[in-house]
Amino acid sequence: MWQRSPSDGKMAGETPESSGTSLLHDAAATASKHRHFLKDVIFHGKFQLLNCLTPEENTGCQHGLYFQDGERRVDYILTYHIKKPSSSRSNRQSSRFTDNAFTRSLRRGTARLGRAPPPQPRGDPEVASQDHSMDYHEDDKRLRREEFEGNLRDMGLELEKDEDTKTPGVGFVKIHAPWHVLCREAEFMKLKMPTKKVYEVKQSTGVGAKINTLVNKATEPLHPNVEDNRTQNVKHLSYMFSREKQHLFDLSDRDSFFDSKTRASIVFEVLKRTKCTKAKYSMGLTSLLGSGVYTDAYPLHDGDVDGENVEPNDRKLLYEEWASYSVFYKYQPIGLVRKYFGEKIGLYFAWLGLYTQMLIPASLVGVIVFLYGCATVDDNIPSMEICHPKNTITMCPLCDRACSYWKLKEACGTARASHLFDNPATVFFSIFMALWAAMFMEHWKRRQMRLNYEWDLTGFEEEEDHPRAEYELRVMQKSLKKEHKTQKTEKEKLTCRDRLPAYMTNVVMMLLMIGVTFAIVFGVILYRISTKAALHMSNNPTTRSNVRLTVKTTAAIINLVVILILDEVYGAVARWLTVLEVPKTDKSFEERLIFKTFILKFVNAFTPIIYIAFFRGRLVGRPGSYLYVFESYRMEECAHGGCLMELCIQLSITMLGKQLIQNNLFEIGIPKLKKLIRYIKSKRRSFQEEEREKKLQRYETDHFLEPFAGLTPEYMEMIIQFGFVTLFVASFPLAPLFALLNNIIEIRLDAKKFVAELRRPVAARAKDIGIWYNLLRAVAKVAVIINAFVISFTSDFIPRLVYQYMYSLDGSMHGFVNHTLSYFNVSDFQNGKEPMDALHLGYQVEMCRYKDYREPPWSNTPYVISKEFWAVLAARLAFVIVFQNVVMLMSDIVDWLIPDIPKDISLQIHKEKILMVELFMKEEQGKMQFIDSMTPCGGKENRNNHAPIARSRSIPHTHSHTHANNI
């Protein structure tokens with residue numbers, strides 16, 4: 001269908017061949033427009049038109065949002081490097097009107113038609129110096145740019161260059177998509193747009209609806225002051241845009257029909273398809289950016305967020321109602337976020353908001369569990385026995401030679417603190433968090449379906465993306481190699497055999513990186529062992545009394561620093577390994593990168609914690625036969641209260657440190673630092689002081705912002721946090737509370753970063769969060785197993801139950817501490833391993849105690865594992881099996897009970913399908929009535945018009961029935 005563009009008068013659907021014949025008329029029209037412009041300014045006194053050419057005035061085109069004519073909106077920006085000679089700036093400014101975009105386009109147009117361009121003014125030192133200073137590579141880049149930009153014009157895009165900016169060394173190509181290009185590409189991309197048809201959204205009735213109404217009224221102050229966030233009773237029926245059915249859409253205001261986000265995504269789609277073919281190999285936008293032909297490519301923000309006389313825009317509204325810390329208690333304007341940034345980013349913030357809301361009940365229950373531990377610590381019989389003043393149990397030394405015998409009551413503080421996290425309530429909390437994770441997954445699926453309906457994504461299927469430039473280059477290199485050997489011209493592709501070296505490198509490097517993590521954890525173990533022995537030899541009594549706390553805390557801080565450093569290293573290694581694989585599409589590249597990064601960062605964050613939870617204290621041996629590393633370092637053992645307290649310390653320091661340092665300080669500091677460095681470099685190269693004070697164009701301001709690097713880092717830190725919240729929650733019930741406090745800040749921090757610190761990303765459509773949902777489900781499943789092992793093997797929950805119901809004389813916990821301690825005869829120490837200060841307690845020790853289930857030295861089988869050990873082990877294994885299956889069964893029941901699609905959304909989707917069929921049937925009937933009314937009854941004219949009538953009827957009839965069948 002032929003459509004005339006309001007901006008350039010061209011026909012939509014015009015072929016490249018026809019564009020060449022009309023180029024002379026376009027050039028003449030451009031020159032005529034330029035002459036009229038100067039005539040209006042000079043003779044008719046329309047000096048306000050100069051605002052579009054002078055950057056000193058505060059107008060829309062001056063801000064860089066429009067071309068110099070003030071009418072065509074800038075939809076996309078390409079930047080490239082230019083060499084500025086050290087000539088006076090006044091010469092360039094004097095030629096502003098004689099050598100602007102109009103005259104440059106005129107010269108390009110006449111050059112294409114084979115005519116000589118207008119002669120350049122003689123004695124122009126700038127042009128001469130540029131011609132002489134440009135080397136071969138710069139000339140090659142310029143030729144590639146000219147070819148690429150010519151191909152963009154052939155695709156229908158309109159371009160305007162600006163090299164006379166206040167950003168030295170950077171040239172800007174402003175791109176505008178006229179109406180016919182927007183319509184063509186919207187149809188190719190199958191964009192759903194709202195039609196004129198409006199229908200009423202049926203509101204649910206009943207008790208649930210009344211409760212929702214009361215809740216909405218109560219939470220009214222929590223909603224942002226954004227129109228898109230209001231609940232609407234009517235909705236536009238959406239349909240995939242078609243140039244043949246433009247009458248279905250409200251095109252009264254063509255400038256706003258496609259918003260800035262959609263326009264930018266359409267232009268980006270054209271840029272991805274356009275190639276440079278005159279080079280040795282085909283180059284797309286990605287290759288041009290990688291080779292330095294262009295330096296950056298980005299869409300523009302809608303305007304400024306603060307300052308005087310700032311016009312209202314979506315970016316400013318987001319900054320005030322979303323990216324401000326003063327509105328931390330309000331809901332997010334997810335609709336406006338999606339409108340400005342696209343569905344993919346909108347889904348991320350919707351998921352993050354829901355995750356944060358779900359953390360509220362988990363935090364409350366976690367605080368209650370912690371308070372229960374605080375309230376019952378004085379009633380805990382095992383800790384009371386340890387802290388009793390008459391307790392005279394003598395414990396064996398904690399290290400060789402330097403350490404001496406010690407009293408069990410010295411561990412009173414550790415035992416009382418362990419009860420805060422090791423009590424019956426933690427078992428309940430582990431079950432609760434497993435069900436919470438299942439509820440969160442189901443709630444998100446329902447929320448996702450509701451957003452798909454509201455954002456017109458129902459029925460959206462992602463099409464196969466364009467091949468990446470690196471993939472095309474490898475395929476072309478493979479084809480060229482085969483052409484020398486054989487004359488076959490079959491279409492090549494990369495096979496598993498081609499990627500085998502990359503796959504082998506991936507496996508080796510992944511194992512090597514995991515081995516590095518294990519080696520560092522082992523190094524921290526050696527640090528703890530050696531530091532503990534050194535501190536025990538100190539002459540300071542305060543130092544000796546706080547050995548355990550000092551070693552635990554410093555080791556946890558060292559682990560945190562190592563984790564932060566390795567996180568950055570592993571991120572770079574994962575990207576390098578993914579590049580080696582040469583994935584075909586961007587989606588495949590992203591998924592492989594996410595998987596590698598997740599594996600490496602997950603192992604990095606949780607390896608020290610897993611060691612403390614499951615291995616520390618179990619590879620120790622016994623007095624007289626300890627296990628040694630390098631024959632000199634004795635493996636460390638847990639405190640008498642168990643390793644749960646040390647696990648809690650490691651978890652809290654790692655989690656809080658990652659959130660405060662990595663997630664918040666890095667996210668705030670690094671973008672601001674990079675922006676400051678770019679701005680300082682630009683200032684050093686600027687020409688005059690007064691030029692710095694002038695207001696930059698919009699595309700110059702956005703050039704100084706940090707490029708958008710994708711959502712992978714944002715999702716990754718939340719997935720790791722989800723692991724901290726769920727995996728070891730039995731040992732740290734306050735983890736959901738810390739995560740909640742972090743996320744309240746994280747949402748506003750990310751919002752401010754996206755709105756004010758980053759360049760505007762290209763909007764991407766998505767109906768779900770992709771591979772991240774599968775990772776969440778995997779973490780939730782693993783969390784059930786790990787919590788079962790933490791409760792049964794790390795805590796004393798199972799040994800207490802076994803003692804209470806099998807060995808206690810009165811069914812109480814009295815005597816439990818003595819039951820868990822074995823005897824050791826000090827005469828059985830190995831030579832050179834006994835304590836140097838044997839009289840540290842003031843008397844000679846003959847028997848000392850250690851925590852284990854072993855036979856006493858006076859039995860027939862001294863120091864052999866006792867039957868109590870096997871009874872406890874059997875109970876622990878039984879608990880793991882029962883806990884895991886019961887909790888997973890309950891999670892599956894929750895999954896089955898909660899439908900994935902809300903009932904009201906399902907009804908609305910069905911109603912939309914019916915309305916769409918009715919709309920096309922009504923259109924069909926109207927066409928038939930119009931044809932019947934225009935057709936005369938009988939005669940030759942009727943027979944002559946019969947065939948075209950039948951053809952005109954058959955097209956919409958078939959189209960309508962196709963839609964009806966699909967529905």
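## Overall make-up

The protein chain of this predicted model holds 33 helices and 16 strands in its secondary structure. Its length is 967 residues, and 47% of these count as buried. Among the contacts in the protein chain that have a separation of 6 or more, 79% are accounted for by residues 24 or more positions apart.

In soluble globular proteins, nonpolar side chains tend to be buried together. In this model, the largest nonpolar core has 109 residues, and those with the most contacts inside it are Trp351, Tyr355, Trp436, Phe722 and Phe728. Helix α14, which spans residues 343-376, gives this core its largest share, namely 15 residues.

Once the neighbours within four places in sequence are left aside, Trp351 is in contact with Phe440, Trp444, Tyr715, Met718, Ile769 and Leu776.

## Helices α26 and α28

Helix α26 (residues 712-726) and helix α28 (residues 771-794) have axes that come within 9 Å of each other and cross at roughly 20°. Because angles under 35 degrees count as roughly parallel, α26 and α28 are therefore described as roughly parallel to each other, and their crossing is right-handed.

On the side of α26, the residues that take part are Thr712, Tyr715, Met716, Ile719, Phe722, Gly723 and Thr726, and they meet Trp772, Leu776, Val779, Ala780, Ala783 and Asn787 in α28. Sorted by class, this contact of α26 with α28 has nine nonpolar and four polar residues, with no charged residues.

## Helices α17 and α31

A second pair is formed by helix α17 (residues 424-454) and helix α31 (residues 867-897), which pack at an angle of about 30° with their axes 9 Å apart. That angle makes α17 roughly parallel to α31, and the crossing of α17 and α31 is right-handed.

From α17, the contact is made by Val427, Ser430, Ile431, Ala434, Leu435, Ala438, Met439, Glu442 and Lys445, and from α31 by Phe879, Phe883, Val887, Met890, Ser891, Val894 and Asp895. By class, the contact of α17 with α31 has eleven nonpolar residues, together with two polar and three charged residues.

Key: Residues are numbered from 1 along each chain as its sequence is written. This is a predicted model: local features need pLDDT of at least 70, side-chain atom pairs count only at pLDDT 80 or more; totals for chains, interfaces and linings use all residues. Side-chain values use heavy atoms; hydrogens and water are left out. Axes are lines fitted to C-alpha atoms, for helices over the stretch in contact, and angles run from 0 to 180 degrees between N-to-C directions. Helices (H or I, at least four residues) and strands (E, at least two) are DSSP runs, numbered from the N terminus. Angles under 35 degrees count as roughly parallel, over 145 as roughly antiparallel, 65 to 115 as roughly perpendicular and the rest as oblique. A crossing is left-handed if the near helix is turned anticlockwise from the far one by less than a right angle, and right-handed if clockwise. Contact means heavy atoms within 4.5 Å. Ala, Val, Leu, Ile, Met, Phe, Trp, Tyr, Cys and Pro count as nonpolar, Asp, Glu, Lys and Arg as charged, and the others, Gly among them, as polar. A nonpolar core is a set of buried Ala, Val, Leu, Ile, Met, Phe, Trp, Tyr and Cys residues joined through side-chain atoms within 4.5 Å. Buried means under 20% relative accessible area, exposed over 50%, partly exposed in between (1.4 Å probe, protein chains only).
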